[in-house]
Amino acid sequence: MPATRPQEAPARAPRPYGRGSLRLRVATAVALAVLVVCAVFASAAYLLARGVLTQQRESASLRQAYLDASFLRDELGTTGTSPAEALDALDPQGAAAVFVHRSGAWYSSSFDLDADAIPRALLEVEGRQRVAHMPTSVGGDLSLVIAVPVPAVGITVYEVVPLQELRTTLRVLSTVLAGGALAAAVLGALLGLWLGRRALRPLAPLTSTAAGITAGDLGLRLPESGDPALSGIVSAFNAMIETLQRRAERDARFAADVSHELRSPLTTLTASIERLQARHHESPERRAEALALATGELARFHRLLEGLLELARADAGPQDAVINGQPTDLGDLLRHVLRDTGRSLELLHAPAGGLPVRGDKLALARMVTNLLDNADRHGGGARAVRLERSAGTITLLVDDAGPGVADSERQRIFERFATGSGGRGSSAGTGLGLALVAETVRAHGGRVGCEAAPGGGARFRTTLPAADS
């Protein structure tokens, strides 16, 4: 059995919320941003609330400690009242225990706590005669211990206030704030998914249009968008497709024209060679005629191939010789071309002084030669070649002695394989000369056109940027 090639599995369409998708990244970014913002605000709110609640609790405890110390002072100021009796009469509100230290003896209102619950650092207030307080762990629970010296009766009152209720309140507050931050992050993720879907919605026409263009329908265009942020993208995309379509149509026409133009000389060459082979016994004049025909077609075929190569290089983009070319005096170049082609230098009319242009000297020489050859083939020969200089540009004018070019033909004659007669191709030329002129001028940053010459005939105007501007 012949071996069968395993079929590749069809590519899976990317999931809109798959790993690495733009929607997922937007949702993640929004969720993280919301989480960070909420975490910062929650932390600030928790710290602020903790400070306020702690301050309120300490203030309330200090006020109560002052009241309890004042009550004990009044009780002990009564003759015969002992600290223990004064503590029995005291009703400590919110305090776990109240201690009285007098003359080295300790008295307590609680049966569960003793004097060991008092931090050593607070024992020093007795000598300093100032109120002090500090949080400490009493019996495993956080408590606030307050020391209030009462010099009038020679005692120091220590009050132990539990802070467990405050800690519970702060724990509940932190839980609520953390839960709120997480809930906000979840809502932020949902908002991010919605924003991502909404932000990518305008790209759906781009995807479908690009898929249609990939399938070969170059006539598709994106609809105009009223969104200023998308209008530039839509315009650039449509311009790109427009250029691509024109290029594809141009290449298709070029391929068809090349096939047509190559078929004619090849057919003539084949027929001429067959005639020479089949009629070798004919007169030398007949054989010479066939040989001349074959030689002429071969020369035309050679010119056609050279033109095609030049157009291929022009289509590939500006060459280094054009981009980084040295300045060339256009007047000297024209004199050189006129001498090499056997034309009179009297045709040239140029102002005194240098006329430098930057670019490929050989390409510029071919451009001038093509303009002169076009005048010879289609315009009865060149009548005058003029150079003019204006602000920043140098203009080359080639006037011929022909009947001129109709207005409707003045743009078309610069197309490939176009002739001035309104048809495609020519028995005398290749139809590529003026197309090469246009490509060369475009590569050098200039422009070319055709107009009526004074006194009759056609004038080909070529404008190039001056190298010293």
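Student: In what order do the strands of the open five-strand sheet stand?

Tutor: First the general idea: a strand is a DSSP run of E with at least two residues, a helix is a run of H or I with at least four residues, and both are numbered from the N terminus. Two strands pair if DSSP finds at least two bridges between them. In this structure the order is β7-β9-β10-β12-β11, and the pairing is mixed. The edges are held by β7 (348–349) and β11 (447–452), each with a single partner strand, so one side of each has no neighbour in the sheet.

Student: Before we go on, what kind of model is this?

Tutor: It is a predicted model, where local features need pLDDT of at least 70 and side-chain atom pairs count only at pLDDT 80 or more, while totals for chains, interfaces and linings use all residues. Residues are numbered from 1 along each chain as its sequence is written, and side-chain values use heavy atoms, with hydrogens and water left out.

Student: In which sense do β10 and β12 pair?

Tutor: Strand β10 (residues 393–400) runs antiparallel to strand β12 (residues 458–465), with seven bridges between them. You can find one of them at Leu397, whose bridge partner in β12 is Arg461.

Student: And how many bridges join β11 and β12?

Tutor: Six, again in the antiparallel sense. Cys450 has Phe460 of β12 as its bridge partner. These two strands form a hairpin with five residues between them, where Gly455 takes a positive phi near 85°.

Student: Which residues have the most contacts inside the largest nonpolar core?

Tutor: Buried means under 20% relative accessible area, exposed means over 50%, and partly exposed lies in between (1.4 Å probe, protein chains only). A nonpolar core is a set of buried Ala, Val, Leu, Ile, Met, Phe, Trp, Tyr and Cys residues joined through side-chain atoms within 4.5 Å. The largest core here has 33 residues, and Met367, Leu372, Val385, Leu396 and Phe460 have the most contacts inside it. Two or more residues each come from α9 (330–340), α10 (361–378), β9 (382–390), β10, α11 (433–443) and β12. Helix α10 gives the most, with seven residues.

Student: Is Thr463 buried or exposed?

Tutor: Thr463 is buried, because its relative accessible area is 6%. This residue lies in strand β12. Leaving aside neighbours within four places in sequence, Thr463 is in contact with Thr393, Ile394, Thr395, Val441, Gly446 and Arg447.

Student: Which residues of α11 are buried?

Tutor: They are Leu434, Ala435, Leu436, Val437, Glu439, Thr440 and Val441. Just after α11, Gly445 takes a positive phi of about 80°.

Student: Is Val186 buried or exposed?

Tutor: Val186 is exposed, with a relative accessible area of 52%. You will find Val186 in helix α4 (residues 164–200).

Student: How many helices and strands are in the chain?

Tutor: There are 11 helices and 12 strands. Of the 469 residues in the chain, 35% are buried. Among contacts with a separation of 6 or more, 58% join residues 24 or more positions apart.

Methods. Contact = heavy atoms within 4.5 Å.
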